[in-house]
Amino acid sequence: MSAPIYGRVALIGLGLIAASMAHAMRARGLAGEITGHAKSAETRAAALEIGLCDRVFDTAADAVAGADLVVLAVPVGVMGAIAAEIAPHLKPGATLTDVGSVKQAVIEAVAPHVPAGVHFIPGHPLAGTEHSGPHAGFATLFVNRWWLLTPLPDTPEAPVAQLRALCEAMGANVDLMEPAHHDLVLAVTSHTPHLIAYTMVGVADHLRRVTETEIVKYSAAGFRDFTRIAASDPTMWRDVFLTNKDATLDILGRFTEELFVLQRAIRMGDGQLLFDYFTRTRAIRRGIIEAGQDTAAPDFGRGAPPPEVG
Ligand SMILES: NC(=O)c1ccc[n+]([C@@H]2O[C@H](COP(=O)([O-])OP(=O)(O)OC[C@H]3O[C@@H](n4cnc5c(N)ncnc54)[C@H](O)[C@@H]3O)[C@@H](O)[C@H]2O)c1
Ligand SMILES: O=C(O)C(=O)C[C@]1(C(=O)O)C=C[C@@H](O)C=C1
């Protein structure tokens, strides 16, 4: 057990990410007390039953009162409204962070409501699964995964160091990044890949009407991986695409151009182009593994039990 890094932590939204934080903080004694709020009474009851929170509240305003750290763990599209609601109730000197998958839009929506004396430090753990809700969380979700913080220019160093310490104590590796750069990088590494998976499963769904059950019966590993990603939460991903619009459209444009290159090579029988292309992409994958960056923990989302926290 470590010494608590924050006295009271308030989790707003009690789904996959907040539940995983609660498990990780409890397993390592990182918070003196955890309070919480989610919009549905069922989720609030589940959070108490599983032991995510010591106390849950019907309103976000009540949940944040007296908290040293407030974590917004709700879909990106509702962060601004919640920030407006909790702002008058935040304790002076408290840190407010979020775990949203997009950073610029969250900063635009939240920062105007943050009172002077409260430190707003946006963040994003690069860890997740296709599951959602309070039962989906597990304590090791963040182990060996990146947690990006995108502090605003005038944020003092001490609260950033304290938040970094919490993320690291939950097992994550922390980096600081400019919000715009974050959104572009994530458009390449997470957002556009999700859109492609959603699209591929949509294509198969159309075909299924022709081939009946064959697509399910003979679905190969590649397609199954797409279906896992395409099972991700619709609200979360709707908000990601609506709020990281420019970067996603930019990467999607580049993707389409590449796709046309490959499409033409197939049509023209240009095997050399295909071979060279796939050789390059294989080298990228191998480079990632050699650099020790393949921390995808792929089985967590497929029913395998997550490992115990030490
Ligand atoms: N799932 C992932 O893989 C992943 C990874 C990293 C970051 N994120 C980000 O973390 C955030 C939460 O995602 P999650 O996967 O935990 O989602 P989730 O669907 O599991 O949980 C969301 C929670 O927010 C609550 N909520 C929704 N609207 C609300 C409102 N208006 N007021 C109060 N509570 C509300 C829901 O009841 C639920 O408890 C999102 O911003 C998402 O972009 C998700
Ligand atoms: O593994 C998964 O299911 C995920 O999609 C997790 C993932 C990702 O793209 O890596 C999804 C969204 C996040 O904001 C961070 C992590």
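Helices (H or I, at least four residues) and strands (E, at least two) are DSSP runs, numbered from the N terminus. By this assignment, the protein has 12 helices and eight strands. Its radius of gyration, taken over C-alpha atoms, is 21 Å.

The model is predicted; local features need pLDDT of at least 70, side-chain atom pairs count only at pLDDT 80 or more, and totals for chains, interfaces and linings use all residues. Residues are numbered from 1 along each chain as its sequence is written, while chains are lettered from A and ligands numbered from 1 in the order in which they are written.

Along the principal axes, the C-alpha atoms fill a box of roughly 65 × 40 × 35 Å. Of the 310 residues, 38% count as buried. A buried residue has 20 or more other C-beta atoms within 10 Å of its own; an exposed one has 12 or fewer, and partly exposed lies in between, with C-beta atoms placed from the backbone.

Ligand 1 is surrounded by 27 residues, each with its C-beta atom, placed from the backbone, within 6 Å of the ligand. The closest are Gly 13, Gly 15, Ser 101, Gly 128 and Ser 132. Helix α1 (16-28) and strand β6 (119-125) each supply at least two shell residues. The most come from α1, with three.

Thr 281 sits in helix α12 (residues 271-290). Thr 281 counts as exposed because it has 9 C-beta neighbours inside 10 Å. Its C-alpha atom is separated by 32 Å from that of Leu 16, 265 residues apart along the chain.

Conventions: The radius of gyration is taken over C-alpha atoms; the globule rule is 2.2 Å times the number of residues to the power 0.38.
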